[in-house]
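The following questions and answers examine one protein model. Please inspect the sequence and the coordinates before reading on.

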Amino acid sequence: MCQYIFMREQTVYGIFMERFLDLMKDKNLNMKQLAEETNIPRSTINSWNLKKRLPSAVYLSILAQYFKVSTDYLLGLEN
């Protein structure tokens, strides 16, 4: 069971990062610009980029609203 959770977590990280980076690229944003426009600390955004953690529910919601996508899309639960 623990191995499944670990594998699923890595999959979520991969999907989130792929979609997150694609959305940033589509808007021609860098991490500093995103931090300034969303009031999310740059260090927090960097921790996602380094795959140290996934965004909290609050930050996930902010990102979804900013990029005009659903939180499920960001987490790979919908296409």
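**Burial, helices and aromatic contacts**

Of the 79 residues in the chain, 32% are buried, where buried means under 20% relative accessible area, exposed over 50% and partly exposed in between (1.4 Å probe, protein chains only). This is a predicted model in which local features need pLDDT of at least 70 and side-chain atom pairs count only at pLDDT 80 or more, while totals for chains, interfaces and linings use all residues. Residues are numbered from 1 along each chain as its sequence is written, and side-chain values use heavy atoms, with hydrogens and water left out.

Q: In what order do the elements of the chain run from the N terminus on?
A: Helices (H or I, at least four residues) and strands (E, at least two) are DSSP runs, numbered from the N terminus. The chain has zero strands and five helices. From the N terminus on, the order is therefore α-α-α-α-α.

Q: Which parts does the aromatic pair of Phe16 and Trp48 tie together?
A: Rings of Phe, Tyr and Trp (its six-membered ring) pair if their centres lie within 6.5 Å; planes under 30 degrees apart count as stacked, over 60 as edge-to-face and the rest as tilted. The structure holds six aromatic pairs. In the pair of Phe16 and Trp48, the centres are 6.1 Å apart with 90° between the planes, an edge-to-face arrangement. Because Phe16 lies in helix 1 (residues 2-26) and Trp48 in helix 3 (residues 42-49), the pair ties together parts 32 residues apart in sequence, namely helix 1 and helix 3.

Q: What is the arrangement of the rings of Phe20 and Trp48?
A: Phe20 lies in helix 1 and Trp48 in helix 3, so this pair ties together parts that are 28 residues apart in sequence. Phe20 counts as buried at 1% relative accessibility, and Trp48 is buried with a relative accessible area of 1%. The ring centres are 5.7 Å apart and the planes lie at 80°, so the pair is edge-to-face.

Q: Which residues do ring pairs link into a cluster?
A: Phe16 and Trp48, both buried, belong to the cluster. Ring pairs link the members, which are Phe16, Phe20, Trp48, Tyr59, Tyr66 and Phe67.

Q: How is the charged end of Lys27 placed relative to Tyr66, and at what distance from the ring centre?
A: A charge sits over a ring if NZ of Lys or CZ of Arg is within 6 Å of the ring centre and within 35 degrees of the ring normal. Arg19 lies over the face of Tyr73, at 4.3 Å from the ring centre. The charged end of Lys27 sits over the ring of Tyr66, and its distance from the centre is 4.7 Å.

Q: Which backbone oxygen does the side chain of Arg19 reach?
A: Arg19, found in helix 1, is buried yet has no salt bridge (a side-chain nitrogen of Lys or Arg within 4 Å of a carboxyl oxygen of Asp or Glu). The nearest side chain of opposite charge, Glu18, is 5.9 Å away; Lys and Arg count as positive and Asp and Glu as negative, while His and the chain ends are not counted. At 2.7 Å, the side chain of Arg19 reaches the backbone oxygen of Glu78.

Q: What arc do the buried residues of helix 2 fall within?
A: In helix 2 (residues 31-38), the buried residues are Leu34, Ala35 and Thr38. The arc is that of the directions from the helix axis to the C-beta atoms. Seen down the axis, these residues line one face of helix 2, because they fall within an arc of 100°.

Technical notes: A polar contact is a pair of N or O atoms within 3.5 Å; within protein, one must be able to donate a hydrogen and the other to accept it, and residues adjacent in sequence count only if both atoms are side-chain atoms.
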